[in-house]
Amino acid sequence: MPEFRATLYNPATKTSRSGGLEMLEAWDAEEGSWVWLDISGIADDVESKLLTERFGISPLAIQDAHRDRHPPKIEFFSNQIFIILRDLLGEDENLQRGVSQLALFLGPNFLVTRHLQNVHAIESVFEAVQSKPALLKLGPAHILYRLSRRVADNYAPVVLELEERLAELEDLVFERPGDDLIELITRYNRSLKRLRRHLAYQRDVMAQLSRPTVAPPLKLNTHEFNDVFENMERLASLCQLNQELAVDLLNTHFSLISHKLNQVMRVLTITTVIFLPLALLAGVYGMNFQFMPELSWHYGYFGVLAAMLGIVIVLIVIFKRRKWL
C-alpha cells in the first residue's frame with residue numbers, strides 16, 4: 001500500500017509531530033527543524049520528482065535505490081550520504097530468508113528512507129521515536145545509526161538459530177545418516193552463505209561510516225557506527241564458521257556412508273572368497289564324466305562335504321587372524 005510517513009522535530013521548541021507529506025510544508029516553514037520521511041510503495045516517477053525537487057537528491061542515487069536487487073552500498077555526495085541496506089524477512093519452505101531492500105538518504109536536516117516491502121527496522125525505530133521523542137534531538141544521523149543497528153540485530157537471532165540447528169544435525173550425522181540429512185545440511189549451508197554475503201556487504205558500509213578513508217560530507221558519531229560495524233563483523237565471522245561446520249558435517253556424512261559401504265563390500269567379498277572354492281568342487285564333480293574314479297567311491301559324497309567344510313574353516317581362521325572378520 002503506497003504510503004508517506006513523516007516525523008518532524010523542532011530543536012528550538014523540542015517538540016515533534018508526525019503525519020504525511022504536510023510535514024514537509026512545516027519543515028520548510030520552521031527554521032532549524034529536521035524531518036524523517038519514510039516512503040513505501042510509491043510509483044518511481046512520483047518518488048523521483050519528490051526526492052530531486054524537495055531534497056536535492058542525485059538522480060544517480062535514486063536510480064540505484066529503484067533497482068530491486070542492488071547490493072548494499074554507500075556513496076558520498078557533496079552534502080548528503082546515500083546508503084542501501086538489506087533487512088531480513090521471514091523464512092520460506094526451503095529455509096531461505098528473503099530480504100527487503102532499504103535505501104537511506106541522509107542530509108544535514110533530513111533523513112529519507114525508501115522501501116517497497118515491509119522493513120522490520122523501520123517499524124521498530126518508528127515505534128521507538130513515537131514512545132520516546134527525545135531520541136529525535138540527537139539528529140537524523142543518530143536515527144540512521146538506530147536503523148542500521150536494528151538491521152544488524154535482526155540478523156543475530158537467525159544466525160544463532162542456524163548454529164543451533166547445525167549442532168543438532170551434528171548428532172544426527174552419526175545416528176541417522178541419510179539423503180534427507182544431506183539435503184538439510186546443504187540448505188543450511190546455502191542459507192549461511194547468503195547471510196554471510198549480506199552481512200559482508202553491510203559490514204563494509206559500516207566500515208566507511210566508522211573509519212572512513214575519505215572524510216564524509218556530514219558530521220557523524222563514528223563510535224555509534226563502529227558499534228554496528230563490530231556487530232556485522234561478528235555475525236559475518238559466525239556465518240563463516242558455521243559454513244565451515246556445515247561443510248565438515250557433509251564430509252563426515254560422506255565418510256561414514258563410504259565406511260559403511262566398505263564394510264558391506266568386505267563382507268560380500270569374504271563371502272564370495274569362501275564359496276568360490278566350494279563352487280569349484282561342486283562344478284568339478286557335477287560334470288558326470290564316465291571315468292571319474294571318485295564317482296564310484298562309497299564315501300565320495302561325504303569326503304567332498306568334509307573337504308568343503310575344511311576349506312570353509314581354514315579360510316575363516318585365516319580371515320580372523322588377519323582381522324578381516
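User: What makes up the lining of the second largest pocket, by class?

Analyst: This is a predicted model. The lining of the second largest pocket has seven nonpolar, three polar and two charged residues. Among the lining residues are K219 and E224. Lys and Glu count as charged, so these two fall in that class. N221, H142 and G107 also line this pocket.

User: Which elements supply the lining of the second largest pocket?

Analyst: Strand 6 and helix 5 (140–175) each supply at least two residues. Helix 5 gives the largest share, three residues. The volume of this pocket is about 190 Å³.

User: How do you know where empty space is left?

Analyst: A probe the size of a water molecule is rolled over the atoms, and that shows the empty space. For the largest pocket, the volume comes to about 360 Å³. Its lining has 20 residues; D68, R69, R86, V99 and Q101 are the closest to the centre.

User: What classes of residue line the largest pocket?

Analyst: Six are nonpolar, seven polar and seven charged. Asp and Arg count as charged, and D68, R69 and R86 are among the residues closest to the centre.

User: Which element gives the largest share of that lining?

Analyst: Strand 6 does, with five residues. Helix 3 (59–66), strand 6 (97–107), strand 7 (110–115) and helix 6 (179–210) each supply at least two residues.

User: Why is Y301 called exposed?

Analyst: Its relative accessible area is 57%. The cut-off for exposed is over 50%, so Y301 qualifies. Y301 lies in helix 8 (residues 300–321).

User: What makes the surface around Y301 a nonpolar patch?

Analyst: The patch is formed by W297, Y299, Y301, F302 and L305. Together they have about 630 Å² of accessible area. A patch residue needs over 30% relative accessible area; Y301 has 57%, so Y301 passes that cut-off.

User: Why does F55 count as buried?

Analyst: F55 has 6% relative accessibility. Buried means under 20%, so F55 falls in that class. F55 is found in helix 2 (residues 44–55).

User: How far is F55 from R114?

Analyst: Their C-alpha atoms are separated by 13 Å. Along the chain, F55 and R114 are 59 residues apart.

Technical notes. Residues numbered from 1 in each chain as written. Predicted model: local features only at pLDDT ≥ 70, side-chain atom pairs only at ≥ 80, totals over all residues. Heavy atoms only, no water. 1 Å grid on protein atoms, 1.4 Å probe; cavity = no way out; pocket = protein on both sides within 12 Å on 5 of 7 lines; lining within 4 Å. Points joined across faces, edges and corners; volume = space filled by probe spheres on them. Helix = DSSP H or I, 4+ residues; strand = E, 2+ residues; numbered from the N terminus. Patch = residues over 30% accessible without salt bridge, like charges linked within 9 Å, V, L, I, M, F, W, Y side chains within 5 Å. Areas by Shrake-Rupley, 256 points an atom, 1.4 Å probe, with all protein chains shown as cover. Salt bridge = Lys/Arg side-chain N within 4 Å of Asp/Glu carboxyl O. Buried < 20%, exposed > 50% of the residue type's maximum accessible area, 1.4 Å probe, protein only.
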